[in-house]
Amino acid sequence: QLADSATAKQAALRLEAIGLDSGPALKRGLKNADEEVRFFSAVSLAYLGEIDGLEMLVESAEKEPAFRWHALAALVALPGPQATEALQRLLQVKSAEARYGAFHALTKRSTNDPNIKGQVLAREFNLCVVPSQSEPMIHLSRSNRPEVVLFGERQAISDQILYTANGITIRGNGNGKLDIVRYLPNGKDQRIQTSASVAELVKALASIGCNYSDVVELFRDVKQKDKLESRLAVNALPRLGRERATNDWSDNDSEESTMYVADRIPDMYGGEESADRDIPHDDEAQLASYESKSSKKSDSNSATKPSFFGKLTEAFTRDKNKD
């Protein structure tokens with residue numbers, strides 16, 4: 001049954017339930033010619049604490065949207081430094097969804113990891129700069145909290161910028177510096193100068209009282225005006241319950257390549273909308289819609305949510321009670 005792609009998923013689950021005695025059979029599954037057989041074998045091995053299928057999980061998280069959530073969840077559950085290193089490698093891949101999914105998975109493994117800890121700005125949102133040699137990317141999220149994640153340390157906005165919105169003016173002076181003015185009703189305007197570095201700009205805005213919505217609006221504007229070379233993505237979270245639409249690996253993160261089905265495992269990402277969503281230069285509606293939805297969700301997002309492992313414990317406890 002494991003060797004047949006039509007029954008491999010259920011067979012892998014049953015073998016996993018047997019425990020470590022099923023290890024040899026699952027390891028044979030890793031050598032099967034079918035990608036699905038190898039993938040389900042790797043997932044079950046990970047939940048048994050075995051690292052033999054680790055490379056299959058990394059490949060699945062990077063290339064196959066239908067497998068991505070499960071691959072990342074298995075890497076979170078897999079103990080040992082090898083799994084952490086594998087997630088760190090995924091921070092360098094092309095897919096925005098795989099990169100941010102790996103970042104989010106690393107936060108589940110260790111909140112003290114310096115690569116993902118970040119800092120809270122304006123008591124409202126988190127800024128994290130992730131070392132990356134891949135394509136520079138800015139990710140905006142409200143998955144658990146308002147968050148700006150910069151994949152790449154040397155991202156910058158054009159020092160030829162002129163931005164005016166929401167009582168904020170940012171003017172580039174052409175020598176790598178930006179002058180920022182925040183106009184206040186009481187006439188006590190706040191002025192600050194910073195470098196064109198994206199990270200330093202976000203910190204400067206927070207220091208004069210700008211909020212997360214101001215930062216999101218800024219990135220939308222500068223991206224559309226070609227003043228920002230970095231890729232811009234919003235809520236690029238892996239989605240639970242995808243089923244492969246073809247038998248070939250897909251390098252496409254778009255939703256068109258997958259179908260959606262129910263799954264027994266609770267969502268590691270809290271049920272957020274997800275896709276590999278880039279902000280095109282000529283489309284204001286997408287991010288404007290995101291901002292509107294994010295504003296409506298802000299109160300509910302501030303509540304404490306159960307952890308990923310807490311959700312897993314509850315799910316398996318329910319299954320056990322039913323049995």
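Is Cys128 buried or exposed? In this predicted model, Cys128 has a relative accessible area of 1% and is therefore buried. Cys210 is likewise assigned a relative accessible area of 1%, so this residue is also buried. A disulfide is a covalent bond between the sulfur atoms of two cysteines. The count of disulfides in the model comes to zero.

Five strands form an open sheet, arranged in the order 1-2-4-3-9 with mixed pairing. Strand 1 and strand 9 (231-234) are the edge strands, each pairing on one side only. From one strand to the next, the twist averages 20 degrees.

Strand 1 (residues 119-121) and strand 2 run antiparallel and are joined by three bridges. Within this pairing, Gln119 stands opposite Leu127 of strand 2. The hairpin made by strand 1 and strand 2 has three residues between the strands, and Ala122 takes a positive phi near 55 degrees there. Strand 2 (residues 125-130) is mostly covered, with five of its six residues buried. Strand 2 also pairs with strand 4 (residues 147-151), in the parallel sense and over five bridges. In strand 4, Phe151 is the residue that stands opposite Val130. A parallel arrangement is found again between strand 3 (residues 137-141) and strand 9, which are joined by four bridges. Here Met137 faces Arg231 in strand 9, the two standing opposite each other.

Two helices pack on the sheet, as follows. Helix 8 (residues 198-207) touches strand 1, strand 2, strand 3 and strand 4, and its direction makes about 165 degrees with that of strand 2. Helix 9 packs on the sheet through strand 2, strand 3, strand 4 and strand 9, and its direction makes about 140 degrees with that of strand 3.

In helix 4 (residues 54-63), the buried residues are Leu54, Met56, Leu57, Val58, Ser60 and Ala61. The elements covering these buried residues include helix 3 (35-47), helix 5 (65-77), helix 6 (81-90) and helix 7 (96-109).

Aromatic side chains were considered as ring pairs, of which the count comes to six. One of them is the stacked pair of Tyr100 and Phe103, with 5.7 Å from centre to centre and 25 degrees between the planes. Both residues of this pair, Tyr100 and Phe103, lie in helix 7, three residues apart, or about one turn of the helix. Tyr100 has a relative accessible area of 0% and so is buried. Phe103, with a relative accessible area of 1%, is buried as well. In another pair, the ring centres of Phe125 and Tyr212 are 5.6 Å apart and the planes are at 45 degrees, so the pair is tilted. This pair links distant parts of the chain, since Phe125 belongs to strand 2 and Tyr212 to helix 9 (residues 212-224), 87 residues apart. Phe125 and Tyr212 are both buried. Ring pairs additionally link Phe39, Phe40 and Phe67 into a cluster.

Charged side chains form a further set of contacts. Side chains of opposite charge can pair when their charged atoms come close. In this model the count of salt bridges comes to nine. Among them, Arg68 forms a salt bridge with Glu97, with the closest N and O atoms 2.8 Å apart. Distant parts of the chain are linked by this pair: Arg68 lies in helix 5 and Glu97 in helix 7, 29 residues apart. Both Arg68 and Glu97 are buried. A salt bridge is also formed by Glu217 and Arg220, whose closest N and O atoms are 2.4 Å apart. Glu217 and Arg220 both belong to helix 9 and lie three residues apart, about one turn of the helix. Both Glu217 and Arg220 are buried. Lys225 forms a salt bridge with Asp221, the closest N and O atoms lying 3.3 Å apart. In this pair Lys225 is partly exposed, with a relative accessible area of 47%, whereas Asp221, at 15% relative accessibility, counts as buried. Finally, salt bridges that share partners join Lys27, Glu50 and Asp52 into one network.

Definitions and conventions: Residues are numbered from 1 along each chain as its sequence is written. This is a predicted model: local features need pLDDT of at least 70, side-chain atom pairs count only at pLDDT 80 or more; totals for chains, interfaces and linings use all residues. Side-chain values use heavy atoms; hydrogens and water are left out. Buried means under 20% relative accessible area, exposed over 50%, partly exposed in between (1.4 Å probe, protein chains only). Contact means heavy atoms within 4.5 Å. Two strands pair if DSSP finds at least two bridges between them. Rings of Phe, Tyr and Trp (its six-membered ring) pair if their centres lie within 6.5 Å; planes under 30 degrees apart count as stacked, over 60 as edge-to-face and the rest as tilted. A disulfide is a pair of cysteine sulfur atoms within 2.5 Å. A salt bridge is a side-chain nitrogen of Lys or Arg within 4 Å of a carboxyl oxygen of Asp or Glu. Axes are lines fitted to C-alpha atoms, for helices over the stretch in contact, and angles run from 0 to 180 degrees between N-to-C directions.
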